[in-house]
Amino acid sequence: MLAPGQNDDRNPALDFTKGILVLFMVLYHWANYFVSTQGVFYVYLRFITPSFIFIAGFLIANVYPVRYGWSNPGVSERLIIRGLKLLVMFTLLNIAVNVMFASNYNGAMPGIEGFIRDAPSIYILGSARAAFEVLVPISYLLLLSAGIFLAARLSKYIVHLACGFLFLCLAALNLSDRSSANLELVAIGLLGMVLGFYPIEKLNRWVDHASIVVCLNVGYLLAITIWGMSYLLQIIGVSLSVILIYLVGMKSAGWGWIRGQINLIGRYSLFGYVAQVGLLQLLHRGLPHLNLGAWPAWIISFVGAFALTIVTVKILHWTRSKSHALDRLYRVTFS
């Protein structure tokens with residue numbers, strides 16, 4: 001019998017990829033909380049957030065048609081429900097954060113009034129800061145995908161056309177010195193959908209060229225070191241970084257326990273993403289009371305952030321297998 005959150009048709013390399021991205025997100029937020037909110041090294045971490053959108057798009061195109069079929073009217077309904085659910089989750093989490101915490105690593109939280117005031121910028125442009133902000137473009141991608149699935153009955157290339165059209169819109173906005181972070185991320189998600197329509201066996205053959213993948217990633221790192229990060233380089237970096245991590249996942253069958261922990265985090269990637277922010281808040285607020293020096297605080301917070309994230313995911317996985325009520329609650333909230 002399969003444990004909750006496990007499926008006999010899961011792709012272990014993809015679970016590994018999502019798990020690694022969650023751990024990279026822990027590193028990113030740990031650096032924000034305990035090191036600095038600014039630094040040259042953040043250029044090399046800019047691939048993390050759009051990679052989640054990219055994989056979300058890939059999964060939509062790679063899983064839904066196979067599992068439910070194009071002609072199933074329930075597919076679009078399911079995507080709409082999931083998209084709206086993420087928007088509600090994002091809103092409730094931000095309300096809770098603004099009520100419970102006076103500040104985060106960016107300084108003072110705006111409070112409920114500030115969150116409402118900034119809502120147009122948060123929900124439309126993505127230009128205002130908010131907690132758990134990656135949930136917004138993912139929800140929009142799910143909602144847009146619902147329409148794409150309906151239109152795909154007319155043409156199988158509708159997602160390719162939508163992706164190309166959105167990138168043209170972004171180019172036009174750039175020419176007029178305008179931008180939309182949410183639109184940029186949704187476009188990357190559509191690019192993930194384009195790749196997701198290819199059979200996974202074919203993609204595995206494309207990816208399984210380690211020397212080429214490594215060389216391309218080194219070239220990307222050199223490019224952003226010399227020229228800095230642009231949207232075009234971000235798109236390239238997301239694709240190459242995800243491919244590299246996925247390739248490592250394909251080759252990591254002998255990692256044993258370590259791979260098992262990473263894959264488990266990947267199965268609970270959305271929960272892990274949400275949980276690690278709360279855990280880092282607790283570390284950020286609790287460690288100063290211990291009066292530790294800078295280096296001990298860095299070491300304890302660094303190890304603690306990763307360890308607590310892994311333990312929290314394992315506890316959830318275990319309790320889901322013991323409690324039908326909790327398993328149902330998890331599915332309603334995160335599935």
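Trainee: Which helices do the buried residues of α12 pack against?

Mentor: Bearing in mind that this is a predicted model, the buried residues of α12 pack against α1 (12-34), α11, α13 and α14.

Trainee: And which residues of α12 are the buried ones?

Mentor: They are R259, Q261, I262, N263, L264, I265 and G266.

Trainee: You mentioned α14, so let me ask about T309 there. Is it buried or exposed?

Mentor: T309, which is found in helix α14 (residues 294-322), is buried, because its relative accessible area is 1% and the cut-off for buried is under 20%.

Trainee: What does T309 touch, apart from its sequence neighbours?

Mentor: Once the neighbours within four places in sequence are left aside, T309 is in contact with V26, G272, Q276 and L279.

Trainee: OK, switching to α3. How many residues does it have, and how far does it reach?

Mentor: Helix α3 covers residues 74-100, which makes 27 residues, and from its first C-alpha to its last it reaches 38 Å, close to the 39 Å expected at 1.5 Å a residue.

Trainee: Which of its residues are buried, and what do they pack against?

Mentor: The buried residues of α3 are V75, S76, L79, G83, L86, L87, M89, F90, N94, V97 and N98. They pack against α2 (48-68), α4 (111-117), α5 (119-125), α6 (135-151), α13 (269-286) and α15 (324-334).

Trainee: Take α6 from that list. How do α3 and α6 run relative to each other?

Mentor: Their axes come within 8 Å and cross at roughly 165°, and because angles over 145 degrees count as roughly antiparallel, α3 is roughly antiparallel to α6. The crossing of α3 and α6 is left-handed.

Trainee: Which residues of the two helices meet there?

Mentor: On the α3 side they include V75, L79, G83, L86, M89, F90 and L93, and on the α6 side they include L135, V136, S139, Y140, L143, A146 and L150.

Trainee: M89 turned up again. What's its accessibility, and what is it in contact with?

Mentor: M89 lies in helix α3 and counts as buried, at 11% relative accessibility. Leaving aside its neighbours within four places in sequence, M89 is in contact with L135, L270, T333 and F334.

Trainee: And how far is M89 from T49?

Mentor: The two residues are 40 residues apart in sequence, and from C-alpha to C-alpha they are 18 Å apart in space.

Trainee: Now the charged pairs. How many salt bridges are there?

Mentor: The structure holds eight salt bridges. One of them joins K251 and D208, whose side chains meet at 2.8 Å, N to O. The pair links distant parts of the chain, since K251 is in the loop between α11 (231-250) and α12 (257-267), while D208 is in the loop between α9 (200-207) and α10 (210-227), 43 residues apart.

Trainee: How exposed are K251 and D208?

Mentor: K251 is exposed, with a relative accessible area of 51%, whereas D208 is partly exposed, at 35%.

Trainee: What about D327 and R320, buried or exposed?

Mentor: Both D327 and R320 are buried, and they form a salt bridge in which the closest N and O atoms are 2.5 Å apart. Elsewhere, salt bridges that share partners join R10, D15, K18 and R267 into one network.

Trainee: Last topic, backbone angles. What is phi of D177, and where does the residue sit?

Mentor: Phi of D177 is near 60°, a positive value in a residue other than glycine. D177 is found in the loop between α7 (158-175) and α8, where it is exposed, with a relative accessible area of 73%.

Trainee: And N291?

Mentor: N291 also has a positive phi, near 55°. N291 lies in the loop between α13 and α14 and counts as exposed, at 69% relative accessibility.

How values were computed:
Residues numbered from 1 in each chain as written. Predicted model: local features only at pLDDT ≥ 70, side-chain atom pairs only at ≥ 80, totals over all residues. Heavy atoms only, no water. Salt bridge = Lys/Arg side-chain N within 4 Å of Asp/Glu carboxyl O. Helix = DSSP H or I, 4+ residues; strand = E, 2+ residues; numbered from the N terminus. Buried < 20%, exposed > 50% of the residue type's maximum accessible area, 1.4 Å probe, protein only. Expected span 1.5 Å × (residues − 1). Contact = heavy atoms within 4.5 Å. Axes fitted to C-alpha atoms, helices over the stretch in contact; angles between N-to-C directions. Parallel < 35°, antiparallel > 145°, perpendicular 65-115°, else oblique. Left-handed = near helix turned anticlockwise from the far one by under 90°.
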